[in-house]
Amino acid sequence: MKLMKKHRGRIVIRVLLLALAFVVTGMLGACNLPFGQTGSNAKGGATVPQTRTFKLYVRDNWLTMPDGKKAYVFGYTDNPKGPAQLPGPTLVVNEGDKVNVILINDKDPTKTQYNTTGDGHTIHLHGLDLYSASDGDPMTTPPRDANGKVLPYGAKGKGVQTGSLKQGEQFTYSFIADHAGTYWYHCHQSTPEHIQMGMYGAIIIRPVGQPNHAYLNSPAFDVDSTFVLSDLDLPGHNADYNTLYKNAPDVNWTNSKISYALLNGKAWPETLKDSRSVVNAKAGQTVLLRLVNAGTQVYTLSAPGLKFQTIGTDGRKLSQYPISDTISLGPAEHNDVLVHVDHAGTYTLHEHIDENVPSSVPTPDTNLTTITVK
Ligand SMILES: [Cu+2]
């Protein structure tokens, strides 16, 4: 009996704590402060919105390209002890979730003896439906006090209110994920340089209660693949390293030329070794390709033998779903495309604009990856 009483007492305390938590989180929502600090990547099909919090750091890395050449990059990672990830971590949430993305600039790779303040960084949440206070444009965020100190999301800043997050600063971007679809994020400081150097990643918002749909009541899929497309200017990357670490002149990014086309941060044929970038399906299934173009050129994709059905563009479901042999994706576009695979075989996804996949690297037929159907 004593045990039962004790147990009942604990339940009462837990219920009271839960009620208090609801009141506090409600108040936080009302005064536009960041939401609670729980959650991580969402699984599909949830029906109750949650709070999801992601922490991103900025690090650098040296990539080894398929021809053995090395490329200096910097970008986001969710592991403060690891190198930059290319692309940055994919952030997966459900429609209705409250999302906090915390950028912690604790070890800015652009802060060197020749660039003593560092460039600073932001997270621009591209294509999402946001208050400008979470936009990640250094013209609008973060708010700062009269001394330039970063204030929390939603605070009314005084004095200097602009500028990216410098070494030692952090900021929480908060938003409600109110439209399903595929989106992306990137740095908005020295944008052409910082995106080219690797500061980008995908954001996926899943519809409520429909784990196999990209949008509420859009056609269902069986296989879900996120393809972040980009490109890499090798001389530019290594000249940028020399600017930062050897006091070389600034890089003129308007002269940028593509050395490698990248799919999820890798060039063909390395893409075939990355489980994120190869598609395996069974005949009769439907594959969802969540396409993001984080690169500088238009991608014109085809996979001979297969057709594409575009169901959503830039985070909005289409009213009709057009079918095509090629998909064109301009810089910064983010579209959801279904591929209905009826026949067994290995299909090659490739790029139709030759100069986007230079012949100077071992990239036969401008290939990106394969879709294998059994
Ligand atoms: Cu940056």
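Buried here means under 20% relative accessible area, exposed over 50%, and partly exposed in between, with a 1.4 Å probe and protein chains only. Strands (E, at least two residues) and helices (H or I, at least four residues) are DSSP runs, numbered from the N terminus.

Strand β1 (residues 51–64) pairs with β2 in the antiparallel sense over 8 bridges; two strands pair if DSSP finds at least two bridges between them. Within this pairing, Val58 stands opposite Tyr76 in β2. The two strands form a hairpin with 5 residues between them, and Gly68 in the turn has a positive phi of about 90 degrees.

## Model and overall composition

The model is predicted: local features need pLDDT of at least 70 and side-chain atom pairs count only at pLDDT 80 or more, while totals for chains, interfaces and linings use all residues. Residues are numbered from 1 along each chain as its sequence is written, and side-chain values use heavy atoms, with hydrogens and water left out.

The chain has 3 helices and 20 strands. Of its 374 residues, 50% are buried. Among contacts (heavy atoms within 4.5 Å) with a separation of 6 or more, 69% are between residues 24 or more positions apart.

## The copper site

Four residues provide the protein donors of the copper ion: His121 (ND1), Cys187 (SG), His194 (ND1) and Met199 (SD), at 2.1 to 2.7 Å from the ion. Donors are N, O and S atoms within 2.8 Å of the metal (3.2 Å for Na, K and Ca); water is not among the atoms, so sites may look incomplete. The spacing of the donor residues in sequence is H-x65-C-x6-H-x4-M. His121 lies in the loop between β4 (98–105) and β5 (124–126), and Cys187 in the loop between β7 (181–186) and α2 (191–196), so the pair ties together parts that are 66 residues apart in sequence. Both His121 and Cys187 are buried.

The angles among the 4 donor atoms run from 84 to 135 degrees, and the site is irregular. Four donors count as tetrahedral if all angles lie between 85 and 135 degrees; four count as square planar and six as octahedral if opposite donors are over 155 degrees apart and all others between 65 and 115; anything else is irregular.

## The sheet containing β5 and β7

An open sheet of 4 strands has the order β3-β8-β7-β5, with mixed pairing. Its edge strands are β3 and β5, each of which pairs on one side only. The twist averages 25 degrees from one strand to the next, with axes being lines fitted to C-alpha atoms, for helices over the stretch in contact, and angles running from 0 to 180 degrees between N-to-C directions. Strands β5 and β7 pair in the antiparallel sense over 3 bridges, and the bridge partner of His126 in β7 is Trp184.

The loop between β5 and β6 holds Pro143. At 8% relative accessibility, Pro143 counts as buried. Its C-alpha atom is separated by 6.6 Å from that of Lys156, 13 residues apart along the chain.

## Nonpolar cores

A nonpolar core is a set of buried Ala, Val, Leu, Ile, Met, Phe, Trp, Tyr and Cys residues joined through side-chain atoms within 4.5 Å. The largest has 30 residues, of which Tyr76, Val101, Ile123, Leu125, Tyr185 and Ile203 touch the most other members. At least two residues of this core come from each of β1, β2, β3 (91–94), β4, β6 (169–176), β7 and β8 (200–206).

Leaving aside residues up to four places away in sequence, Val101 touches a set of residues including Phe54, Leu56, Ile123, Leu125 and Phe171. Another core, of 25 residues, lies apart from the largest one and has Ala261, Val287, Ile327 and Tyr347 among its members.

## The five-stranded sheet

A further open sheet comprises 5 strands in the order β11-β20-β19-β13-β17, again with mixed pairing. Strands β11 (279–281) and β17 (326–329) stand at the edges with a single partner strand each, so one side of each is left without a neighbour in the sheet. Neighbouring strands are turned by 20 degrees against each other on average, direction ignored.

Strand β13 (residues 299–302) runs antiparallel to β19 (residues 345–351), joined by 2 bridges, and Leu301 stands opposite Glu351 in β19. Strand β13 is also antiparallel to β17, with 4 bridges between them; here Tyr299 stands opposite Leu329.
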